[in-house]
Amino acid sequence: MKIDSILLASTGLLLCGCQFHSVSTAGAAAGGSASPVASSPAPKSLVSWVNPLMGTDSTREFSHGNLYPAVGVPFPMNTWSPYTQPQSDKFFYQYSQTQIRGIRQTHQPSPWIGDYAMFSLMPVSGKLVVNENDRASQFSHDREIAQPSYYSVYLDTWRVKAEVTPTERAARFRFAFDQPGDAYVVLDGFDQGASIQVIPAENTITGAVRYRCGEVPEIYSSNYFVIVFDHPFAASGVWSTNGIQPGVHRIAGKQAGAFVQFDASEDRAVGCKVASSFISPAQALQNLQSEIGDADFETIRRRAEARWNEALGRVQVRGGLDDQRRTFYSCLYRCLMFPHKFYEVDAQGKRVYFSPYDGQVHEGVLYTDSGFWDTFRAAQPLYNLLYPEVNAEILQGLLNAAEQSGWLPAWASPGHRNCMIGNHAFSLLADGWVKGVRSFDANRAVDAMIHDANQGGPIRSIGRDGAEYYQKLGYVPYSPVKGEISFKEATAKTLEYAYDDFCAAKLAAAIGRKTDAQNFLRSASNWTNVFDPNTGFVRERKADGSWVEPFYPNQWGGGFTEGCSWHWTWSVFQDLPGLITQMGGDDAFGAKLDEVFATANEVRPGTYGRMIHEMTEMVAADMGQYAHGNQPIQHMLYLYGYAGQPWKTQSRVRWAMGKLYAPTPDGYCGDEDNGQTSAWYVFSALGFYPVCPGDDLYIIGTPLFDEAVLKVGSGKAFTLIAANNGPLKPYIQGATLDGAVFEKTYLSHDQVIAGGELQFNMTSAPDSQWGGAPASRPPSALQRLIKSLPE
């Protein structure tokens, strides 16, 4: 049977509900159904399509997203989440657990990075208990409601319903006690330093927490908070590991908390409003007044829901299965939870922020809690397309961070973290510029790129690890032999440095800095120095020019980051036609792509020394060597069109969407990673994908929905229509753009934001005519740039 027939059969089965993940009942409260059902008219509120519990059924050993049910507004400073695990466990909400220990303010971008500056509230009744183990309550998902703008859970042990609804820097809580008598709310400042003051006369608790996890920079300040209750205290006090101290109203120490007691004999509903600031206690109060003021719980909830409906409503989809729509909007919600704002608005209306880079307060904007190694691929391009006003601030913040620390960020939480590789702030800045964002000083950006590209940083994740050898040899060397010149993840670094050099050249050329553009262009083809035409793979290369032997394309680690040669060979975003040439032409390239899926899903752990979760997840997905649960290979499905075989992209993308995603707690096939794996789905469901951020082209895949309308600014809309669409019709038979025949397998950003209508005619059989001609194929981004430069 031909491989396309197999794909079509697989696609049909998968869209009928046979998926890699188990089908889980996410809880009726979360708005999810356990299995696909026929489409129904969209409800008014897009929030109702979102399931924040998607991706929460994870453990350290196996990720279905590694997420928690974040309650916040789009691009918040913080979010709120229940937590089921002890505070030392960074995988703090696990769907399979049966106890909740509190609802915490969180800034955690990933369990592999960890949280910081958090605190929690927890109601208890009948007797006062404060320790996280003693106060933990049984709960059921049947009585848990998770929405982007609202969370509630019934705490069985204490017979209390707890609710929270957010703003950007604040929230309102409501606790409904079922039984009369003593009712308590316990504040936990966690165990890395807190100072707390209870002010009974004002029904208020104030304080500061300083929890740090991993490599959170020492310079970062405290998180100052204020909590104001709507009922007077019947009693109050503080607690620590030394015990409970009733009537004591101040405490400071490594572990510090407080409690307040209420008389619930008549009025059993207790509310409070909470705000925080990284700047000062006064700013925390300012945030409380400006974002909540006298507004009650339901008012704040309506405002938060309106914020979400506006943000989600920038894409309206019609058709498809209900579960596909739930998956789509759940993924879009995840894209909008990061990065986090780190700036605040003072009493004069100025935007100000505490900098985790120099310890000072500055005017301006800053964002944090995002790893660009993940998000440069699709999440950041999504912001340029649908939320350019947000990305304008994000890019301003990059240059603020560079000015205050000397380096562009790569993984910030809240300051520089020593995680992952590459200079992908280059990509963010270039992609923003070519897509019309003009909020930042591009000359300063190019200066920062030149600085970072030519030296190693104080930690490996910023600047360039191995810069001297990259410049001298044209690649970063790796050797398993002790004593020889070697850099961890060297081949992956070479590939990403070359791509980032393309991005730097693109920005430099755009602002007329021809010499700088040409300098960066010289190294943008350095990927060829780690590509071995004899094997058809990128490989580890020693400083003497020899290849590391023996070579196993399925061996992880060594010169590669969280993957192997099967995954990294395709990381030539900027010059895919060049990669096709190196591999021997269109047919050889297409066959190599097919081989990814045909090869056994076997793994050699290599320098990892054991099966890490990314390996286990790839094996479980059973898609050969395709590892969608991690980022390096996610764009690979879109590469067939470069070789004139776009129908294979169409079938495989539809296959992956059906097999690897669902709006359930086990709905991802690996780490979600700050919106990136979700952004892949959002773009793919729309029918196009940004294979090379920093270039202005999107590669066409296959639209999932009958219709999608994108609000692209200035009152314009871009509509994608899939005529004759259906579960067994992933193939494009023809297309028109604004009524004119459209044969290309790519779109420009300008074509999209100009508004208009792109209509695809869908069919059940591969059509080798549409998009297969050389003139229809995406060009090399690198060669386009070279040709654009004046002589």
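This talk walks through one predicted model, from its sheets to its helices, cores and backbone details.

Ground rules, quickly. The model is predicted, so local features need pLDDT of at least 70, side-chain atom pairs count only at pLDDT 80 or more, and totals for chains, interfaces and linings use all residues. Residues are numbered from 1 along each chain as its sequence is written, and side-chain values use heavy atoms, with hydrogens and water left out.

Let's start with the seven-stranded sheet. The sheet is open, and its order is β1-β3-β4-β10-β17-β14-β15. Pairing is antiparallel. Strands here are DSSP runs of E with at least two residues; helices are runs of H or I with at least four; both are numbered from the N terminus. Two strands pair if DSSP finds at least two bridges between them. The edges are β1 (79–83) and β15 (243–246), and each pairs on one side only. From one strand to the next, the twist averages 25°.

Now look at β10, residues 182–188. On one side, six bridges tie β10 to β4 (residues 119–125), antiparallel. On the other pairing, seven bridges link β10 to β17 (residues 257–263), again antiparallel. How much of β10 is buried? Six of its seven residues are, so the strand is largely enclosed by the rest of the structure. Buried means under 20% relative accessible area, exposed means over 50%, and partly exposed is in between, with a 1.4 Å probe and protein chains only.

There is also a three-stranded open sheet, β21-β22-β23, with antiparallel pairing. Its edge strands are β21 (344–345) and β23 (361–363); each has a single partner strand, so one side of each is left without a neighbour in the sheet. β21 pairs with β22 (residues 351–354) over two bridges, in the antiparallel sense. Val345 stands opposite Arg351 there.

On to helix packing. Two packed helices are described by the angle between their axes and the distance between the axes. Our axes are lines fitted to C-alpha atoms, for helices over the stretch in contact, and angles run from 0 to 180 degrees between N-to-C directions.

Take α7, residues 379–386, against α19. Their axes come within 8 Å and cross at roughly 50°. That makes α7 oblique to α19. For the classes: under 35 degrees is roughly parallel, over 145 roughly antiparallel, 65 to 115 roughly perpendicular, and the rest oblique. From α7, the contact uses Ala379, Pro381, Leu382 and Leu385; from α19, Gln676, Ala679, Val682 and Phe683. Contact means heavy atoms within 4.5 Å. By class, that is seven nonpolar, one polar and no charged residues. Nonpolar covers Ala, Val, Leu, Ile, Met, Phe, Trp, Tyr, Cys and Pro; charged covers Asp, Glu, Lys and Arg; the others, Gly among them, are polar.

α7 also packs on α8, residues 388–405. Here the axes come within 6 Å and cross at roughly 125°. That makes α7 oblique to α8. Gln380, Tyr383, Asn384, Leu385 and Leu386 of α7 meet Pro388, Asn391 and Ile394 of α8. This contact has five nonpolar, three polar and no charged residues.

Next, the cores. A nonpolar core is a set of buried Ala, Val, Leu, Ile, Met, Phe, Trp, Tyr and Cys residues joined through side-chain atoms within 4.5 Å. The largest has 190 residues. Which members touch the most others? Phe173, Ile205, Phe229, Phe328, Trp570, Trp680 and Leu710. Helix α19 (residues 676–686) gives the most to this core, seven residues. Apart from it lies another core, of 39 residues, including Phe440, Ala445, Phe502 and Phe573.

Back to Trp570. Leaving out residues up to four places away in sequence, Trp570 touches Leu576, Leu579, Met583, Phe589, Lys592, Leu593, Val596, Ile633, His635, Met636 and Leu639.

Last, backbone details. Pro414 sits in the loop between β26 (411–412) and α9 (425–434). Met420 is in that loop between β26 and α9 too, with a positive phi of about 70° although it is not a glycine. A cis bond also joins Glu549 and Pro550, omega about -10°. Pro550 lies between β28 (537–538) and α14 (565–568), in the loop. Finally, Asn203 has a positive phi near 55°, in the loop between β11 (194–199) and β12 (204–209).
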